[in-house]
Amino acid sequence: MITQIEKQWYDESAENEAGHALSPSLRPAGGKPIVRFRSVRKSFGELPVLKGIDLDIYPGEKIALIGPSGSGKTTLGRMLMTLEEPTAGTILIDGEPLWAMEKNGKPVRANEKHLQKMRGKVGMVFQHFHLFPHMSVLKNVTLAPRSVLKLSKEEAEELAVAMLRKVGLEDKLHVYPSQLSGGQKQRVAIARALVMQPKIMVFDEVTSALDPELVGEVLSVIKEIAKEGQMAMLLITHEMEFAREVADRVIFGAEGLIVEEGKPEQIFTNPRSERLQAFLQRFL
Amino acid sequence: MNAPWLDWLPMLLDGTLITIQVALLSAVVSIVLSALAGLGSLSRYAVVRLISRAYVELFRACSLLVLLFWVYFALPFLQIELSKLMAGVLAIGLNIGAYGAEIVRSSVSAVSGGQREAGIALNLSGTQRMLRVILPQAAVRMVPPFGNLMIELLKSTSLVYFITLSDLTYEAMVLRNNYYVWTPYIFGLLLLIYFLISSCISLVSRLLERRLAVWR
């Protein structure tokens, strides 16, 4: 099924600036958005979870998505990773619709092949890690480079070891996930996603399932990666300090809509909407 | 008075070989059918799901002995003549495969959805996700119930006696006719041989489980 918005997108030119969600003051200089959400809606049965999201993400931009539970933050990230299909609206990656493709000059629903092409640009780290329990740490990280990117064993392992060194786990190569702590598991999951070199990475509440004393090690790894810069990040998080420190832009969502967005200083020190003020009260 | 064990052994050995032959061949048939129908039950294509479910429901419900009679005595009326061995293998394979399909289906669906999602996030194809991520984890769950099922299969091979295939049970019945007073010994020996073969199946199953579950 193709939505109205997607038809419209095909009628217009790809370079159309109409519907730009972001005010010019917040737009990073130069470059086109790597990801655009345009009027994206999502309902689960009768229950609307996202009620019209417009969001542009620029190359290398770090965006923190905050908001109360049930506000649809995770759903937004899952749609970008193609784990959920929007009910309406369009998601564009590099100017190309994620959930639609062209066939004989007509827009049709994306097939598996199109989705696979698009997925190469997106990565995701999950709240509950989802490491492959039957593979060693090294195998977890080399599986996708070998099967998807078709790298040789040596190339894949070299890359994997470099990533595992980055997350501080180069001494755990041949250990199974069941022998790791939660924080170590999550760091392996980060290395596993990084090794595919996505243009944008979704971090979905990656510290929410961790013991409090393990949160720090995971956040500092993410900060390190953020400093390197090239990869855009969508950080869905409840860690306000972290959001403030890492993000270029903070987005506050509630009840399926974006309520307020801005630079971290503005969002955290001078929130405009009452909804955000009430939300931040709880973190003081 | 000593039992004439040595007179029995050649016949029992012949019977044992036939039983093992029937068991191995029908194990292959049933495992192939289990995999096809089990994975077919989870297919995204409704037709494949329907065929798989119909097979499971139909052949799980039908008495193995009746199925065996059907394959051996009724199929010739449809111009399909099978040897005793093939008839036995087909009937047992079809029946046990229907149970096995449920094991495959439930083990695969028991692997957490997060594993599938992690595979998608890494851009693995559907086939790669199944072969590299889902099946290796499902296999560990499948081994113990499949071990049970294979022992069940071994025991059900004795039903081929009724289509006069000269398996272990058949030979024991012949011996019983010739050495009537030794009946308890003959059947005792019969039980023992079945027990020994099924012990081998248990052993293989246990070794396989240990090998597949090193990561747990």
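**Notes on strand pairing and the chain contact**

1. In chain A, A:Ile93 stands opposite A:Glu96 in β5(A). The strand β4 (residues 88-93) of chain A is joined to β5(A) by two bridges, and the two run antiparallel; strands are DSSP runs of E, at least two residues long, and helices are runs of H or I of at least four, numbered from the N terminus, while pairing requires at least two DSSP bridges between two strands.

2. This is a predicted model, in which local features need pLDDT of at least 70 and side-chain atom pairs count only at pLDDT 80 or more, whereas totals for chains, interfaces and linings use all residues. Residues are numbered from 1 along each chain as its sequence is written, with chains lettered from A and ligands numbered from 1 in the order in which they are written.

3. Strand β3 (residues 62-66) of chain A pairs in parallel with β10 (residues 232-236) of chain A over four bridges, and A:Ile63 stands opposite A:Leu234 in β10(A). Four bridges also link β3(A) in the parallel sense to β11 (residues 249-254) of chain A, where A:Ile66 faces A:Phe252.

4. Between the chains, 24 residues of chain A are in contact with 18 residues of chain B (C-beta atoms, placed from the backbone, within 7 Å).

Terms used. Contact = placed C-beta atoms within 7 Å.
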